[in-house]
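Please examine the sequence and the structure below. The explanation that follows begins with one pair of side chains and then turns to the chain as a whole.

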Amino acid sequence: GNAPSSQPQPVDLSTQSVAGEEDPGAVDNLPPAHAGDEASPGTPGTGEGLCRRCGGSGRVDDGTPCPECDGTGKVTVGIGGA
């Protein structure tokens, strides 16, 4: 027999987006995240800021690349009202 129409129907995830899901292909275009990032690069309400650990130099005291920003001197941080 057929299920009553009041039963929830299975969702075909290949054709329908689920709540809170971004376009899964879009993430491939973003730069890599770093340990010091407050959010993933490209997140709305964020921007690039100087790494607090190395002060934007990309290096820590002993001259090695900063582990927080992977030596870039920049991290993704929340801006504005975020």
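Glu68 and Arg53 form a salt bridge, with their closest N and O atoms 3.8 Å apart. The term denotes a side-chain nitrogen of Lys or Arg within 4 Å of a carboxyl oxygen of Asp or Glu. This pair links distant parts of the chain, since Glu68 and Arg53, 15 residues apart, are both in the loop between strand S1 (46–50) and strand S2 (74–78). A search of the whole structure finds one salt bridge. Glu68 is partly exposed, with a relative accessible area of 28%, whereas Arg53 is exposed at 52%. Here buried means under 20% relative accessible area, exposed over 50%, and partly exposed in between (1.4 Å probe, protein chains only).

This is a predicted model, in which local features need pLDDT of at least 70 and side-chain atom pairs count only at pLDDT 80 or more, while totals for chains, interfaces and linings use all residues. Residues are numbered from 1 along each chain as its sequence is written, and side-chain values use heavy atoms, leaving out hydrogens and water.

The protein chain has two strands and zero helices; these are DSSP runs, with helices (H or I) of at least four residues and strands (E) of at least two, numbered from the N terminus. Of its 82 residues, 22% count as buried.

Thr46 lies in strand S1. Beyond its neighbours within four places in sequence, Thr46 is in contact (heavy atoms within 4.5 Å) with residues including Ala39, Ser40, Thr76 and Val77. In the protein chain, 50% of the contacts with a separation of 6 or more are between residues 24 or more positions apart.
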